[in-house]
Amino acid sequence: MEDTLVKNVLKGGEFIIKDSTPEDIFIPEQWDEEQLMIKQTVVDYVGQVEGKSGKIEHQVELLSLAGELGFLGCHIPDEYGGMLLDTNTVTLICDHLGAIGGGWTTSFAAHTGIGMLPILYYGSEAIKQKYLPELAAGTKYAAYCLTEPSSGSDALAAKTRADLSEDGTNYIINGQKMWISNAGFANVFIVFAQVDGDKFTGFVVDADSQGISLGAEEDKMGIKGSSTRQVFFENVAVPVENMLGELGKGHLIAFNVLNVGRFKLGALAVGGSKKSTDIAIKYANERKQFKQSISNFGAIQFKLAEMAIRSFTLESSIYRVSDMLKDAKDDLVSKGHSYSDALLQAAEEYAVECALMKVYGSEVADYVVDETVQVHGGYGFSEEYPAARAYRDARINRIYEGTNEINRILSVSMLLKKAMKGQIDIVGPAWNVQKELASMPSMNQPEGEYGLEENAIKDFKKMVLMVAGAAAKQQMDGQLNLKEEQEILMNVSDMMNDCFNAESLILRVKKLKGMDKEVSQEVYDAMLKVFIHDATSRMQKSATDALASFAEGDLLAVMLRGVKRFCKYPPQNVRSLRRVVAKTLIDANAYCL
Ligand SMILES: Cc1cc2nc3c(=O)[nH]c(=O)nc-3n(C[C@H](O)[C@H](O)[C@H](O)COP(=O)(O)OP(=O)(O)OC[C@H]3O[C@@H](n4cnc5c(N)ncnc54)[C@H](O)[C@@H]3O)c2cc1C
């Protein structure tokens, strides 16, 4: 009994091979008094700024106010002017700030994430002291210049050059960057350039340096309030001490910073998704057709329930990852690592989970805003209502911080790399699944209230191991080159995401069972059942698609029997279950979960 109360911290990617208990995870219902006060400050700020967030000319004012309230420095140590809150509180802040639309969240994420973190992680002490306090205070603003017209996903193919000056005191930067968020008002640019044409390196560059000019504001589909411009560098002299990290090691900066950026994007998507669901619930209650509220209709109730289920699941996963990052960071700090090094290494450890959260967060948000438009009917298409702007604003999330295709590919390749380096043992568990397939299926009935769901999730993990294990074996036998088979990588990534999210959801639902709460447990149980029901179909399809793409004959037949065996979660009455969820939302006239 005692043992189950000890928190078991999984290593990055280990969720595929190990189970967790409710005690292992953090859920938002565990916020303490101080965190609840911070949450209220954020909620007040959101209410105050929402009306201005869609205009570029207000971004500086709104960021500066966020700086005064401490939101911009919440992840920065106090010696550099920050507040250094714990990771879960930083996640809480991002989550609730995510409710702000119009492009403000992009300005915030570009400034605090990809803008400030390269300095925190890789700047010399003097550079940190010089730049971080003003960036944390919100009196100066940062932008991140990686993408170029001809290098987006293939970021390391950048052509911008940096050449050492004859006297050896400066690097001279020449080139062009594209799609740079915050470019119009940033004082500090993080710039990636090829030293001597081939050593990809990061620099901190003052935006008022001679030789920097900006393109016009891009005419974008959404996030119109965020500034997005090209940045041109013509013989821009940057002091050698402004180099970040080591010469030729800029890829480490670019990619490590993106790990945190991806997680943050997922956290911001939580707030955006809950807000949009809330708007849809209120509209559905208010709008009358056929002499009744449209929220009376089953088709609308389906949408409201599904929006809530996905938002709630995303929130569960995000706080689970947040707590993993927190534990890893705290552990490293206790072993003598500096805060910035610990933060960097923790994000690297959970890079697989960060990539999954980027994909899931952006796709939940897109689903929710799309259904919000639909619930609004024609009014959803009008700029007079908030649904249209939210729909346009959310779309970018699947494109930046690494497109969702790139993040899907990365999530699987990073997991396989960890396995090959011996950092996690996938081979042993995959072999156990093979042995299980060769044996008679167990006739034991699952035990406990959530036994069926727990078994389903264990089976989901077995399916990932079965598919990924078989593909990896074919790769080792020279029959398959997974790098060239992205469709299979996409399937495996989607299966991994469903495993992680289903487990995060069940752990939260089980943990909630023992807690005082306003919403009945029946609602959480209903959400869990709907999610597992739907995830079973998705798992079945992804596994079948992947297997049929590379296996044939007896091997395929055995594996497909495995898919059937691991997809035995009984069909649920999802109509009734979604109605239970929808009724709670409709009665509360709010996203109340
Ligand atoms: C509003 C906005 C703000 C941005 N802010 C910033 C910023 O602040 N700083 C910055 O540096 N950049 C920024 N970006 C750039 C953004 O990160 C890139 O647009 C993104 O990385 C994709 O690059 P790309 O546009 O060149 O598309 P491409 O790389 O050309 O991709 C086109 C399509 O091909 C797919 N694809 C590409 N390579 C592969 C592959 N190997 N395998 C499978 N599919 C592939 C992609 O997934 C995508 O679907 C921003 C972009 C926008 C639109």
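Hi everyone, thanks for coming. Please keep in mind that the model is predicted: local features need pLDDT of at least 70, side-chain atom pairs count only at pLDDT 80 or more, and totals for chains, interfaces and linings use all residues. Residues are numbered from 1 along each chain as its sequence is written.

Let's start with the domains. The protein chain is assigned domain 1 (28–137), domain 2 (142–249), domain 3 (251–405) and domain 4 (422–588); such bounds come from an automatic or database domain assignment. Between the C-alpha centres of domain 1 and domain 3 there are 17 Å. Across that pair, 25 residues of domain 1 are in contact with 28 residues of domain 3, where contact means that two C-beta atoms, placed from the backbone, lie within 7 Å. On the domain 1 side, helix H3 (87–97), helix H4 (104–115) and helix H5 (117–122) each give two or more residues. Helices here are DSSP runs of H or I with at least four residues, strands are E runs of at least two, and both are numbered from the N terminus. H3 has the largest share of that side, with seven residues. Sorted by class, the side has 12 nonpolar, 11 polar and two charged residues. For these classes, Ala, Val, Leu, Ile, Met, Phe, Trp, Tyr, Cys and Pro are nonpolar, Asp, Glu, Lys and Arg are charged, and the others, Gly among them, are polar.

Now, the ligand. Which residues are closest to the ligand? They are Leu146, Gly152, Ser153, Ser181 and Thr403, out of 19 that surround it; a residue counts as near if its C-beta atom, placed from the backbone, lies within 6 Å. Domain 2 and domain 3 each provide at least three residues of this shell. At least two residues come from each of strand E1 (142–145), strand E3 (170–181) and helix H12 (404–420), and E3 has the largest share, with three. The shell is made up of 10 nonpolar, seven polar and two charged residues.

Next, helix H10. The axes of H10 (residues 351–375) and H15 (residues 486–513) come within 10 Å and cross at roughly 90°; axes are lines fitted to C-alpha atoms, for helices over the stretch in contact, and angles run from 0 to 180 degrees between N-to-C directions. So H10 is roughly perpendicular to H15, a label for angles of 65 to 115 degrees. Glu353, Leu356, Val359 and Tyr360 of H10 meet Met496, Asn497, Phe500 and Asn501 of H15. Five of these contact residues are nonpolar, two polar and one charged.

Glu371 also lies in H10. Is Glu371 buried or exposed? Glu371 is buried, because 23 C-beta neighbours lie inside 10 Å; the cut-offs are 20 or more for buried, 12 or fewer for exposed, and partly exposed in between, with C-beta atoms placed from the backbone. Beyond four places in sequence, Glu371 touches Ala280, Lys303 and Met307.

H10 has another partner: the buried residues of helix H11 pack against helix H7 (250–286) and H10. Eight of the nine residues of H11 (residues 386–394) are buried, so H11 is largely enclosed by the rest of the structure.

Finally, Ala136 sits in helix H6 (residues 125–137). Ala136 is buried too, with 26 other C-beta atoms within 10 Å.

Methods. Angles under 35 degrees count as roughly parallel, over 145 as roughly antiparallel, 65 to 115 as roughly perpendicular and the rest as oblique.
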